[in-house]
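Biologist: Please take a close look at one part of this model, the annotated active site. I would like the surroundings of its residues set out in one connected account.

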Amino acid sequence: MRWRHLWGAFGVAAIVLAGVGGPSRAPAQTANFHPCNAQPALPICQHGYGRRVAAARWGAAPAPLDPDASAQAPLVTRDPAKEIEKLKSAAIFVKDMDTSDVLFARGEDVVRPIASIVKLMTALVVVDAGLPMDELIAIDASDVDVPSELPSRLAVGARLSRADLLHLALTSSENSAAHALGRTYPGGMEAFVEAMNAQAKALGMEDSRFVEPIGLSNENVSSARDLARLIHAASGRTLIRAFTTDARYSIEGRTFRNTNMLVGRPHWEILASKTGTTREAGDCLVMMVRLGGRNLAMVLLDAQGMSGARFGDAVRLRRVLDSRMAAK
């Protein structure tokens with residue numbers, strides 16, 4: 001935890017130096033200044049979120065990809081116990097949502113920050129409110145000026161439909177899009193947050209609390225068990241299901257890619273998904289997947305280690321689950 005706070009202090013100072021006005025990368029001499037270029041073994045450089053910020057802003061070398069997260073990773077194993085030993089996530093929960101059978105659990109009741117997984121609740125509130133999806137919404141300064149260490153990819157003044165904003169918030173986890181959705185909710189942001197918490201209560205998410213629609217605040221908290229309820233509910237909404245499983249989305253002359261690298265891969269039937277990443281939450285992933293004829297909620301929170309560890313964990317879990325199903 002001490003290194004997370006150290007990285008936060010360094011990150012703020014570095015952002016001031018680099019500027020926050022746009023997504024352009026700093027010049028080469030600034031990139032070389034970043035300590036992760038010269039000393040990649042530093043503890044602050046081992047955290048997934050910190051490494052991504054460093055790579056995006058200062059050209060630091062990206063962390064190596066978890067081998068099990070690669071497209072070539074096998075989906076079967078002869079040694080399920082070894083796969084379990086390799087899991088990197090602090091909290092793991094896999095549940096058959098049709099039978100209520102819990103297939104795997106670790107730290108499933110620990111309440112923790114959930115980063116952009118929050119955007120699933122944002123989407124539920126927007127969709128269930130029945131707001132017109134074709135209504136045009138202008139991005140304003142408050143949408144862009146959110147406390148993220150990575151810049152907004154939407155410009156102030158851009159006009160997008162509510163459906164487009166929802167698409168961007170879910171597919172590429174665009175923070176300014178999620179903020180605009182909350183800001184333009186009837187009654188404003190305060191009413192939107194109230195609706196988020198009311199929805200959580202209706203779903204039986206007793207360990208969950210929401211304070212904003214983006215996921216940057218560490219006061220947005222939940223447990224892996226609760227998030228299985230959330231992803232299951234989200235998968236039942238046609239728009240959310242479609243947008244979270246869209247590999248890419250092009251608008252305003254730009255292509256936004258899905259933050260879940262498993263979406264679109266052969267042999268994966270993903271019904272709905274969302275990623276989340278902050279220093280405090282770690283790397284998170286929630287999915288509804290169809291596996292062995294079963295509809296499974298798969299929740300992975302606070303994955304640490306190599307880049308893509310949460311996706312590597314999903315592959316490792318799949319190997320374990322497939323081996324168990326085959327043995328029956």
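Modeller: What follows goes through the annotated residues and their contacts.

This is a predicted model, in which local features need pLDDT of at least 70 and side-chain atom pairs count only at pLDDT 80 or more, while totals for chains, interfaces and linings use all residues. Residues are numbered from 1 along each chain as its sequence is written, and side-chain values use heavy atoms, with hydrogens and water left out.

An unreviewed UniProt entry lists Ser116, Lys119 and Ser173 under "active site"; UniProt positions are given in the numbering used here, feature names are shortened, and annotations may be inferred rather than shown by experiment. These residues span 58 residues in sequence, yet no two of their C-alpha atoms are more than 7.6 Å apart, so they gather at one spot.

Serine 116 sits in the loop between strand S3 (112-113) and helix H6 (118-128). Helices (H or I, at least four residues) and strands (E, at least two) are DSSP runs, numbered from the N terminus. With 10% relative accessibility, serine 116 is buried (under 20% relative accessible area; exposed is over 50%, partly exposed in between; 1.4 Å probe, protein chains only). Not counting residues up to four places away in sequence, its contacts (heavy atoms within 4.5 Å) include Ser173, Lys274 and Thr277.

Serine 173 occupies the loop between helix H8 (162-171) and helix H9 (175-183) and is buried too, at 15% relative accessible area. Beyond its neighbours within four places in sequence, serine 173 touches Ser116, Lys119, Leu168, Thr259 and Lys274.

The side chain of lysine 119 makes a polar contact of 2.6 Å with that of serine 116 and one of 3.2 Å with that of serine 173. A polar contact is a pair of N or O atoms within 3.5 Å; within protein, one must be able to donate a hydrogen and the other to accept it, and residues adjacent in sequence count only if both atoms are side-chain atoms.
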